[in-house]
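Here is a short report on one protein chain. It goes from the surface and overall fold to a single residue.

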There are 2 protein chains.
Amino acid sequence: MEEVHIAQTEALRNFCIEALIHLRAPDGDAAIIADSMVEADLRGVGTHGVLRLPGYARMLREGNMNPQPSIKVIQESNSTAVLDVDNAVGNLAAARAMELAISKARDASIGVITVRNSTHCGALACYTTMAIEKDMIGFMTSNGPPIVPAYGGKTRCFSTNPWSFGIPAGEELPIVLDMATTVAAGGKIRVASIKGEKIPLDWALDKDGVPTDDPVKVMSGGFYQWIGGPKGYGLAVVTDVLAGILSGGGFGQMLAPLKEPYGSNLIRQGHFVAALNIEAFMPLTEFTGRVDQMIRGLKASERINSMEEIRLPGERGLKMKEERLKSGIPLISQVWDELKNLRKELNISSDF
Amino acid sequence: MEEVHIAQTEALRNFCIEALIHLRAPDGDAAIIADSMVEADLRGVGTHGVLRLPGYARMLREGNMNPQPSIKVIQESNSTAVLDVDNAVGNLAAARAMELAISKARDASIGVITVRNSTHCGALACYTTMAIEKDMIGFMTSNGPPIVPAYGGKTRCFSTNPWSFGIPAGEELPIVLDMATTVAAGGKIRVASIKGEKIPLDWALDKDGVPTDDPVKVMSGGFYQWIGGPKGYGLAVVTDVLAGILSGGGFGQMLAPLKEPYGSNLIRQGHFVAALNIEAFMPLTEFTGRVDQMIRGLKASERINSMEEIRLPGERGLKMKEERLKSGIPLISQVWDELKNLRKELNISSDF
């Protein structure tokens with residue numbers, strides 16, 4: 001087993017902020033980006049946490065991410081806006097878009113923002129949670145580098161196009177769905193290949209498009225599978241329409257492929273972000289009381305023998321966050337070392 | 001193989017309208033309901049087509065569907081409304097809600113309508129297509145009778161909670177996604193059991209919650225499986241929040257179970273319907289041109305050997321509609337006979 005180091009949340013957050021400031025991000029922007037990275041780690045979504053910082057640092061230095069973007073409103077109405085975020089770090093772009101969606105939803109019942117010319121934005125749950133904190137329902141989807149083919153195809157056209165919803169509850173934990181539209185993400189397949197384990201047949205295809213249980217075959221030219229075959233593919237098409245086409249940004253194979261260095265390529269990721277004002281439909285406490293009632297009903301279900309517990313979307317992550325705020329965030333040696341190297345390289349005083 | 005009869009579209013539509021008028025629906029409402037039933041059959045979604053008419057007739061006569069509902073606006077803003085549809089036939093309720101969403105989106109960029117106290121509403125594609133016809137993006141999801149448990153559970157809490165998106169294209173066919181959040185619907189499992197065939201292991205569980213390839217075990221107390229396990233379950237939770245909780249209507253096990261007679265039970269289905277005005281984001285022709293470009297890109301993909309063609313969501317149904325408008329709608333004997341019996345029973349002059 002790989003060695004694990006424990007970082008304390010505040011120290012890790014301060015380190016990320018200082019690193020981003022060294023990389024020329026304004027103080028406030030650095031805090032927003034750092035918050036969303038650390039939040040992902042707190043919830044156990046390590047693939048979208050501080051592990052990304054060294055890559056972001058490279059992109060910020062090489063011009064593929066812009067540390068001081070000039071975010072422009074291209075078109076706007078009371079309830080909608082199209083933003084060109086000028087190659088901003090996606091985490092910042094998504095947070096700004098959700099702030100705007102929430103502010104529009106306050107007056108116009110709903111706010112829908114599309115974002116063009118963005119980059120990798122971390123875990124969508126961070127932004128739909130912003131809506132929860134303002135007593136609203138949040139929704140976000142994002143396109144990304146083309147790695148998954150259309151259903152039945154072998155040409156890489158889509159990212160794992162994630163969907164996230166944030167739904168406030170009353171006394172219960174809020175509901176935070178954040179899912180790729182593919183069955184399994186790359187991380188799990190890589191881990192199985194390292195451990196020499198087989199993977200379930202519905203996770204991925206080999207290079208010829210045949211379902212395979214061999215993770216090595218997936219990693220040498222194979223493809224992820226969509227949830228429910230044509231259904232997950234259908235959701236991914238909708239993502240590319242909402243986040244890519246409707247933002248006026250990149251879609252399909254226009255986006256930069258998932259491999260560094262990006263060179264002079266713009267990454268051209270797009271987001272679709274929405275906030276829904278619950279008070280436009282019913283008093284907030286009535287809504288949250290009904291959500292609590294639904295959650296309790298589901299958790300009281302009779303269980304399949306092998307299941308310990310019925311969980312709601314996001315529950316595991318929120319409980320992990322509570323735990324990790326006390327005990328710290330575990331980082332594997334490789335990530336730990338890369339961050340320590342970055343610290344030296346940027347000559348940062350904060351440590352973690 | 002079961003015997004098949006061919007009905008001509010116009011004759012079938014006129015028969016449905018006359019039947020619904022005999023069942024006390026106003027002329028205009030009868031036409032809306034008939035249109036959506038025939039539309040489902042034209043697109044090959046027979047499970048949501050005229051096959052439903054005899055059941056609707058029973059519910060209309062027994063008071064579980066209201067032929068002359070008084071649809072009330074409970075709460076309203078420029079961009080949102082909550083409707084109580086007074087036990088209307090769901091097909092009518094959904095069409096009225098989408099009309100209202102479209103009209104709000106015309107002025108307010110977006111319209112979001114929740115609907116309470118509705119009933120079975122047929123194929124969601126019929127309503128998201130209404131948005132396409134007005135050059136908008138349509139979205140709809142609906143809850144329904146509790147038949148599928150939470151992920152890991154054995155208590156029936158949700159319907160197969162479908163999601164539909166309608167997206168206009170330019171010269172290409174529009175994109176119409178309409179999918180259950182479960183892998184397979186009941187119809188396919190029933191057909192496999194009749195034919196004595198096995199089903200894929202990811203379609204359903206037996207009564208103990210163990211994946212099974214035996215359709216008979218599914219039909220005797222088993223359960224459908226969610227697409228992507230916890231992911232499809234997560235989408236179904238979101239549906240119940242949007243269509244059930246946010247409409248102020250029934251959710252979870254409050255809804256009447258899927259078995260007739262319903263007796264004095266209200267069905268209490270809820271819908272969530274939205275229309276998004278494309279012009280709030282970019283000129284329509286720019287949008288449809290980009291959608292065409294995406295469609296052509298996907299269709300030009302290199303294909304897996306076993307695949308004839310890369311399809312877009314809804315493409316097969318729209319091509320089938322074109323064909324069936326010429327050749328007629330095939331109905332299996334059982335459906336044909338039930339409709340002919342209904343014709344006699346209601347003493348209807350129209351034939352098909």
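## Surface and charge

Chain A carries 36 positive and 41 negative side chains. Lys and Arg count as positive, Asp and Glu as negative; His and the chain ends are not counted. The centres of the two sets lie 4 Å apart, with each charge placed at NZ of Lys, CZ of Arg, CG of Asp or CD of Glu.

## Model basis

This is a predicted model: local features need pLDDT of at least 70, side-chain atom pairs count only at pLDDT 80 or more, and totals for chains, interfaces and linings use all residues. Residues are numbered from 1 along each chain, chains are lettered from A, and side-chain values use heavy atoms, without hydrogens or water.

## Overall fold

Chain A has 11 helices and 13 strands. These are DSSP runs (helices H or I, at least four residues; strands E, at least two). The C-alpha trace spans about 50 × 50 × 45 Å along its principal axes.

Of the 352 residues, 61% count as buried, meaning under 20% relative accessible area (1.4 Å probe, protein chains only).

## Ser118(A)

Ser118(A) lies in strand β4, residues 110-118. Ser118(A) is buried, at 0% relative accessible area. Its side chain makes a polar contact with the side chain of His271(A) at 2.7 Å.

Note on methods. Buried < 20%, exposed > 50% of the residue type's maximum accessible area, 1.4 Å probe, protein only. Polar contact = N/O pair within 3.5 Å; in protein donor to acceptor, adjacent residues only side chain to side chain.
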